[in-house]
Amino acid sequence: MSTSPGEQPTNVEQTKPAPRVVEDEQDIDKSVYKRGQQAKWARSRKAERGDRNNKRQRRDGELPWEERKEQWVCFTESKSLRSENSDGNPLPSEPRRPKKKVACLIGYCGTGYHGMQLNPPQKTIEGDLFEAFVESGAISRDNSNDLKKSSFMRAARTDKGVHAAGNVISLKMIIEDEDILEKINSKLPPTIRVWGYERTNKNFDCRKMCSSRIYEYLMPTFSFLPPKPNSPLARQIKEANEETPGVTRDDPEGSKWWADLLEKLHASGITDKDIQDAQEATINKEKNNDSDDEPDMLLEEIVRKIKQTDNQARREYRISKERLELVNKAMQMYIGHHNFHNFTLGKHFKDASANRYMKEITVSEPFVIEGTEWVSIKIHGQSFMLHQIRKMIAMAALVVRTGCPLGRITEAFQSSRINIPKAPALGLLLEQPVYEGYNTRLKAFGYNELTFTPFEKEMNEFKVKHIYDKIYAEEVKDNTFHGFFGFIDGFNGTPIFNFLTANGIKDSQEVREVVVPNEKNEGIAE
């Protein structure tokens, strides 16, 4: 039967392809199904790219976009930033207004916040910022439920309780209103400020374009006093000096301070036996926190009196020029390109990402706040790893306190693993990100440089009022630094701090992170 072109034949039985006969598997030449070496190479390269993406995601601490979007939806619903009314009907659309890519220069006090990055339902800096942007009209309400529409990004992600005198966020913002900066700040609490903003090109990413960062660490000068005599660490140092004399430094200033403290205790009626009993009672109390035994009220009063005299003596301590210069020399050991695998978590010596470059470190002259002497240490580095700054500060302080050679810091850059504790998060704050390299490109595009220089006066006033004062008050209230170094001195387990003695750094079979009791889990994703 013939059919015309375009017509389908009718009443024609459909023919099915003959079934494929599968022979015995042993008779099949499987090599014909194998792909060539080039295909294998392509698959491996694709896998490597996937691994790099995953590593990059883990290193940045970013969640997948689907999860981040879900978080923002939860946040906008909780903050009444939705584009729907209570009945679920869409609100009238706002007039479309042009958005411009900008870099916002901000500062904040981290007290009371669960970090910089949005983390519903926790209270975060980004949450308050985004809400203020929407309420002030810098971000349209139609875009308030989708972070991606605003290209929101931060230069540095600080953790719970950590402050920043200067940080940068980049986003697409409506800037037609000349008073937009004042409107944004009026919607923010006094502990969060937007110092200003600058236009950028469309591809600007404040995190990727940041060439370096400056951090500041504040600590009381009594932190550099030597370990308490007869403490476990002091005994380790003494025993190592007897075995290997001539390695550590003598510390007449520190020895005199402890002798003067003992005289004050004796003058107040405290005997050597009282001091020994109080020390043993403190150790037993730490070991038996759940004990129901009745406390010895007389001994409790002796312990309270010793602590009061000790704290008062520390507040009155004033560091000598020689000791301050020693602190400065210790911090200068970090300058340059080094392997900081011992100054973070989960990094092996051969891991290339453990190599970091420190550009400049300064130690300020001491200053007295409410009777306690403090010092400010500023670290300017290309990039930082988790806990790196806190471990750098702790290592330098411990080297000064114990009298071991300053070169012990450079030895820590070698392959041997050691336990370096984290200094308290209390004194850490982000000073500012630096855009040295990218500022030249901004000029080429016709934009202003990204710099905090025009806002130095406001930033210094903000630091004194909202950051420094909180750090000082919390130290006086909780004795954070005294508690930290006291724990290190009194650590009575495996001698993991033996690298601070004349014995030096030796390969250890077990390396574990030292957890300071009652330390707040605060820090910076440096």
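Modeller: Start at N230, which counts as exposed because its relative accessibility is 57%. Keep in mind that this is a predicted model. N230 sits in the loop between β5 (212-220) and α6 (232-243). Phi of N230 is near 70°, a positive value, and the residue is not a glycine. Most residues other than glycine have a negative phi.

A second residue belongs beside it. S151 also has a positive phi, about 50°, again without being a glycine. Its place is the loop between α4 (147-150) and β2 (153-154). S151 has a relative accessible area of 27%, so it is partly exposed.

The backbone has another point to check. Most peptide bonds are trans. The bond joining P120 and P121 is cis, with omega about 5°. P121 lies in the loop between β1 and α3 (125-136).

R96 lies between α2 (65-78) and β1 (100-108). At 84% relative accessibility, R96 is exposed. R96 is also part of a positive surface patch, together with K99, K149, K172 and K202.

Next, the paired charges. The count comes to 19 salt bridges. One of them joins E316 to K264, with the closest N and O atoms 3.5 Å apart. E316 lies in helix α9 (residues 297-316) and K264 in helix α7 (residues 252-267), so this pair ties together parts 52 residues apart in sequence. E316 is partly exposed, with a relative accessible area of 43%. K264 is partly exposed too, at 39%.

D489 and R401 make another salt bridge, with the closest N and O atoms 2.8 Å apart.

R408 and E411 give a local case. Their closest N and O atoms are 3.6 Å apart, and they form a salt bridge. Both lie in helix α12 (residues 408-411), 3 residues apart, or about one turn of the helix. Their surroundings can be read one end at a time. R408 has a relative accessible area of 3%, so R408 is buried. E411 has 36%, so E411 is partly exposed.

Some charges join into a network. E216, K378, E431 and K463 are linked there by salt bridges.

Last, the cysteines. How many disulfides does a search of the whole structure find? The search finds 0. Take C210 as a test. A disulfide would need the two sulfur atoms within 2.5 Å. C210 is buried, with a relative accessible area of 11%. C404 is buried as well, at 0%.

Back to the starting point. N230 pairs a positive phi near 70° with an exposed position, in the loop that leads from β5 to α6.

Key:
Residues numbered from 1 in each chain as written. Predicted model: local features only at pLDDT ≥ 70, side-chain atom pairs only at ≥ 80, totals over all residues. Heavy atoms only, no water. Patch = residues over 30% accessible without salt bridge, like charges linked within 9 Å, V, L, I, M, F, W, Y side chains within 5 Å. Areas by Shrake-Rupley, 256 points an atom, 1.4 Å probe, with all protein chains shown as cover. Salt bridge = Lys/Arg side-chain N within 4 Å of Asp/Glu carboxyl O. Lys, Arg positive; Asp, Glu negative; His and termini not counted. Charge placed at Lys NZ, Arg CZ, Asp CG, Glu CD. Helix = DSSP H or I, 4+ residues; strand = E, 2+ residues; numbered from the N terminus. Buried < 20%, exposed > 50% of the residue type's maximum accessible area, 1.4 Å probe, protein only.
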